[in-house]
Amino acid sequence: MNLQQIKQRFGIVGNASPLNRALEIAAQVAHTDLSVLVTGESGTGKEIIPQVIHQLSARKHKEYIAVNCGAIPEGTIDSELFGHEKGSFTGAAGSRQGYFEVANGGTIFLDEVAELPMQTQVRLLRVLETGEFLRVGASKSIKTNVRVVAATNENMQRAISKGKFREDLFYRLSAIPIQLPALRERDEDIHLLFRKFASDFADRYRMPAIRLTEDAVKVLMEYSWPGNIRQLKNTVEQISIIETERSIDGNLLRAYLPTLQEQSPAIINETSQESISERELMYKFLFDMKKDLTELKKLVLDLAGSNHEIALNADQSAVVNRIYQEVYEESPSLPTRMLPVAPVQVELPSKAHEAHEEFEEHIELEESLSLEDREKELIAKALEKHKGKRKYAALELGISERTLYRKIKEFQLGE
Ligand SMILES: Nc1ncnc2c1ncn2[C@@H]1O[C@H](COP(=O)(O)OP(=O)(O)OP(=O)(O)O)[C@@H](O)[C@H]1O
Ligand SMILES: [Mg+2]
């Protein structure tokens, strides 16, 4: 099958050389059993590659199973992939075959492979190296002959350096790496894809196809398309449905293209990863600060309520030491007599005791606005914003879909 036939058969539009290169590699390696790792930004069309490989291989009459590794809860993923024996965990009433058993002779597509939990990565490495695996709770290994194609839009080197992904497994999976180009690297394809989607939606909604004026084509080409083909497709669909005018000019098109700040983090990719860890750090910093402040307030109250010479007990000294450490580091010239003194028990007069108790209650109240409440609130907000779409909510929150799934259950958020 030549390149043109492959494109036709799988509905792939485009002629940019990095796309052609990716398809050529897929076709060439299809008849081998080598593992393939497909990489590329979100929305670049990674999901088509394993299908091309499977269909062009001798495995095409056997099973093709696509698994979204990010969507299966951590607790069940081993059993989904490798099966389990009766009684191997609570609720395992019978034994069950996993995908690696069912797909014997065929192909498994592990989508979002960077989301695999560590213990599953170990099992996967084993089956790739030996062609054998153990069902959960079994002691006898089973042989299987499965071709693995994996895909990810994550930066795998970063996942490895963060200890999130095993390096040996990465090399195993990427025996053949296939990189899909971003849409902005496919200048000659952008307008072609626009016209294809415009005509598809015209058919679907029984209306004339939208078309672009010359200046709109320029806007189309200059835009960065962070969500790639998926974003282009959605944009064409929106315009097709919303606009009554079929000729779309530059200004009108621009109104449908979010600028970077407005974009949903779901389509920002790399940048969203960065801003998320920054956000996590910010949260941690704010909570630490709030804790310090609360302790400091408490301490000041203790001291103010005391008629005695100012002296601190061990806990108080520790608080002051910690909070003022930085101040002293920055200004070593501060008089040392301001440094906390040796622990001495301070008797609080009764009035101060009352104020102290009141303050304790207040603190308790404040602390109920805990990290957990905030987290719950943020998750609910993200789910609402993305209309219950967990994938995008998880991206916005900077956590994996699996973690989100677990938290929804934990906080009983429902859908
Ligand atoms: N060359 C192409 N021609 C036509 N449609 C395409 C092409 N490439 C991708 N698409 C369409 O673009 C959309 C996104 O593709 P796909 O789901 O494969 O993205 P992805 O790379 O898996 O993204 P993610 O990493 O977010 O999962 C799909 O609707 C797909 O059909
Ligand atoms: Mg995908």
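Guide: Start at the ligand. An oxygen atom of ligand 1 lies 2.7 Å from a polar side-chain atom of K46. Keep in mind that this is a predicted model.

Visitor: How much of ligand 1 does the protein bury?

Guide: Taken alone, ligand 1 exposes 640 Å², and the protein buries 84% of that. The largest share, 3 residues, comes from α11.

Visitor: How many residues surround ligand 1, and which are the closest?

Guide: There are 18 residues around ligand 1, and the closest are S42, G43, K46, N153 and R230. By class, the shell has 5 nonpolar, 6 polar and 7 charged residues.

Visitor: Why is N228 called buried?

Guide: Buried means under 20% relative accessible area. N228 has 0%, so N228 is buried. Its place is in helix α11. N228 also has a positive phi of about 55°, although it is not a glycine.

Visitor: Is R206 buried or exposed, and how do you know?

Guide: Exposed means over 50%. R206 has 76% relative accessibility, so R206 counts as exposed. R206 sits in the loop between α9 and β8. Its phi is positive too, near 50°, and R206 is a residue other than glycine.

Visitor: Why does S174 count as buried?

Guide: The relative accessible area of S174 is 13%. The limit is under 20%, so S174 is buried. S174 lies in the loop between α8 and β7. A polar atom of its side chain is 2.7 Å from the backbone oxygen of F170.

Visitor: What makes R184 and E41 a salt bridge?

Guide: A side-chain nitrogen of Lys or Arg must be within 4 Å of a carboxyl oxygen of Asp or Glu. For R184 and E41, the closest N and O atoms are 2.9 Å apart, so the pair qualifies. R184 lies in the loop between β7 and α9, and E41 in the loop between β1 and α3, so the pair ties together parts that are 143 residues apart in sequence.

Visitor: Which helices does the pair of E129 and R172 tie together?

Guide: E129 and R172 form a salt bridge, with closest N and O atoms 3.7 Å apart. E129 lies in helix α6 and R172 in helix α8, so the pair ties together parts that are 43 residues apart in sequence.

Visitor: How many salt bridges are found in the whole structure?

Guide: The search finds 17. E85, E101 and R135 are linked in a network of salt bridges.

Visitor: Why can Y205 belong to a surface patch?

Guide: Patch residues need over 30% relative accessible area. Y205 has 31% relative accessibility, so Y205 passes that limit. Y205, I241 and I242 make a nonpolar surface patch of about 280 Å². Y205 lies in helix α9.

Terms used: Residues are numbered from 1 along each chain as its sequence is written. Chains are lettered from A and ligands numbered from 1 in the order in which they are written. This is a predicted model: local features need pLDDT of at least 70, side-chain atom pairs count only at pLDDT 80 or more; totals for chains, interfaces and linings use all residues. Side-chain values use heavy atoms; hydrogens and water are left out. Patches are made of residues with over 30% relative accessible area and no salt bridge: like charges are joined within 9 Å, nonpolar side chains (Val, Leu, Ile, Met, Phe, Trp, Tyr) within 5 Å. Accessible areas come from the Shrake-Rupley method with a 1.4 Å probe; for residues, only the protein chains shown count as cover. Helices (H or I, at least four residues) and strands (E, at least two) are DSSP runs, numbered from the N terminus. Buried means under 20% relative accessible area, exposed over 50%, partly exposed in between (1.4 Å probe, protein chains only). A residue is near a molecule or strand if one of its heavy atoms lies within 4 Å of it. A polar contact is a pair of N or O atoms within 3.5 Å; within protein, one must be able to donate a hydrogen and the other to accept it, and residues adjacent in sequence count only if both atoms are side-chain atoms. Ala, Val, Leu, Ile, Met, Phe, Trp, Tyr, Cys and Pro count as nonpolar, Asp, Glu, Lys and Arg as charged, and the others, Gly among them, as polar.
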